[in-house]
Amino acid sequence: MTDSILACQNLDMTFSKEGYLIKALKNVSFDLKYKEKLGVIGESGSGKSTIAKLVTGLYRPTGGDILFHGKSIVGLAGQEQKKIYRKIQMVFQDVHGSFNPRRKIGQSMADTIRHLSTDPRPVHEQVTALLEDVGLPSSYGDKYPHELSGGECQRAAIARAMSVHPEILICDEATSALDVSVQAKVVKLLMELADIHSMSLIFITHDLPLVSRISDRVLIMNRGELVEIGTTKEICTHPRSAYTKKLLDAVC
């Protein structure tokens with residue numbers, strides 16, 4: 001039995017924009033192991049967010065395959081898609097924008113629970129427990145997104161993602177808009193949740209020092225291509241590519 005929960009095989013992604021074809025990903029292959037914390041590093045336009053949207057089914061690749069528990073999840077629809085994607089959740093960078101501004105935090109969480117959760121407990125009990133799990137009072141369920149700080153809103157977004165007990169949580173620049181002290185607390189929370197719930201975590205960012213502190217392995221992206229992948233220690237102490245060395249030089 002493989003020790004990988006997710007495998008991306010030869011992924012290609014091409015977009016058409018104003019009559020031009022833009023190659024966002026070029027033959028990208030990697031795996032994610034059970035309970036692993038994988039950091040994905042790259043500058044703007046490197047393709048790292050495209051990977052997140054492919055894995056979560058927001059995009060369909062123009063080439064290659066994505067395997068979850070050894071089975072292809074590309075092109076699924078209806079109940080099959082719903083069943084898979086309750087197991088793969090994402091926390092976004094624009095956390096306030098990820099919530100409906102006209103609905104209270106608790107209402108948005110309840111919508112996700114009713115749509116995807118298989119937990120038999122009453123919805124209001126689940127909302128309360130989830131908020132408390134991420135360090136927020138249950139009263140925050142009655143607040144609107146704009147009434148929460150960036151860090152509080154990000155905690156609420158994490159709680160919403162956790163409502164369906166995902167096996168994989170993808171954080172797409174989830175802490176980049178937060179100040180350093182708040183960022184550290186949110187990252188600590190993510191690490192604790194990953195360990196408690198035996199989740200695999202994909203942490204997408206341009207912040208190499210941050211990823212080097214929390215990841216088991218690091219994947220380096222540049223202009224849609226996978227530059228290199230290895231353990232955090234290997235990448236930070238013995239980088240193989242000139243691009244990775246450039247990233248390290250910029251922060252050392």
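## Close-up views of a predicted model

**Figure 1. Serine 108 in helix H3.** Serine 108 is found in helix H3, which covers residues 105-116. The model shown here and in the views that follow is predicted. With a relative accessible area of 6%, serine 108 falls below the 20% limit and is therefore classed as buried. When neighbours within four places in sequence are left aside, serine 108 is in contact with Phe99, Asn100, Arg103 and Arg160.

**Figure 2. The chain as a whole, for orientation.** The secondary structure of the chain consists of nine helices and ten strands. Along the principal axes, the C-alpha trace spans about 50 × 45 × 45 Å. The radius of gyration is 18 Å, which agrees with the value near 18 Å for a compact globule of 252 residues. Of the 252 residues in the chain, 49% are buried. Among contacts with a separation of 6 or more, 67% join residues 24 or more positions apart. The chain exposes about 12,400 Å², and carbon and sulfur atoms supply 50% of that area. Its side chains include 31 positive and 29 negative ones, and the centres of these two sets lie 2 Å apart.

Figure 3. Leucine 190 touches Ile158, Leu169, Cys171 and Phe203, when residues up to four places away in sequence are not counted.

**Figure 4. Methionine 162 in helix H5.** Methionine 162 lies in helix H5, which covers residues 150-162. This residue counts as buried because its relative accessibility is 6%. Apart from neighbours within four places in sequence, methionine 162 is in contact with Leu130, Leu193, His197 and Met199. Methionine 162 and asparagine 10, the subject of the next view, are 152 residues apart in sequence, and their C-alpha atoms are 30 Å apart in space.

**Figure 5. Asparagine 10 in strand E1.** Asparagine 10 has its place in strand E1, which covers residues 4-17. The phi angle of asparagine 10 is near 50°, a positive value in a residue other than glycine. Most residues other than glycine have a negative phi. Asparagine 10 has a relative accessible area of 41% and is therefore partly exposed.

**Figure 6. Lysine 35 in the loop between strands E2 and E3.** Lysine 35 lies between strand E2 (20-33) and strand E3 (37-41). Its phi angle is near 65°, again a positive value in a residue other than glycine. At 55% relative accessibility, lysine 35 exceeds the 50% limit and so counts as exposed.

Figure 7. Proline 122 is placed in the loop between H3 and helix H4 (123-133). The relative accessible area of proline 122 is 39%, so this residue is partly exposed. Proline 122 and aspartate 216 are 94 residues apart in sequence and 37 Å apart in space, C-alpha to C-alpha.

Methods. Residues are numbered from 1 along each chain as its sequence is written. This is a predicted model: local features need pLDDT of at least 70, side-chain atom pairs count only at pLDDT 80 or more; totals for chains, interfaces and linings use all residues. Side-chain values use heavy atoms; hydrogens and water are left out. Contact means heavy atoms within 4.5 Å. Helices (H or I, at least four residues) and strands (E, at least two) are DSSP runs, numbered from the N terminus. The radius of gyration is taken over C-alpha atoms; the globule rule is 2.2 Å times the number of residues to the power 0.38. Buried means under 20% relative accessible area, exposed over 50%, partly exposed in between (1.4 Å probe, protein chains only). Accessible areas come from the Shrake-Rupley method with a 1.4 Å probe; for residues, only the protein chains shown count as cover. Lys and Arg count as positive and Asp and Glu as negative; His and the chain ends are not counted. The place of a charge is taken as NZ of Lys, CZ of Arg, CG of Asp or CD of Glu.
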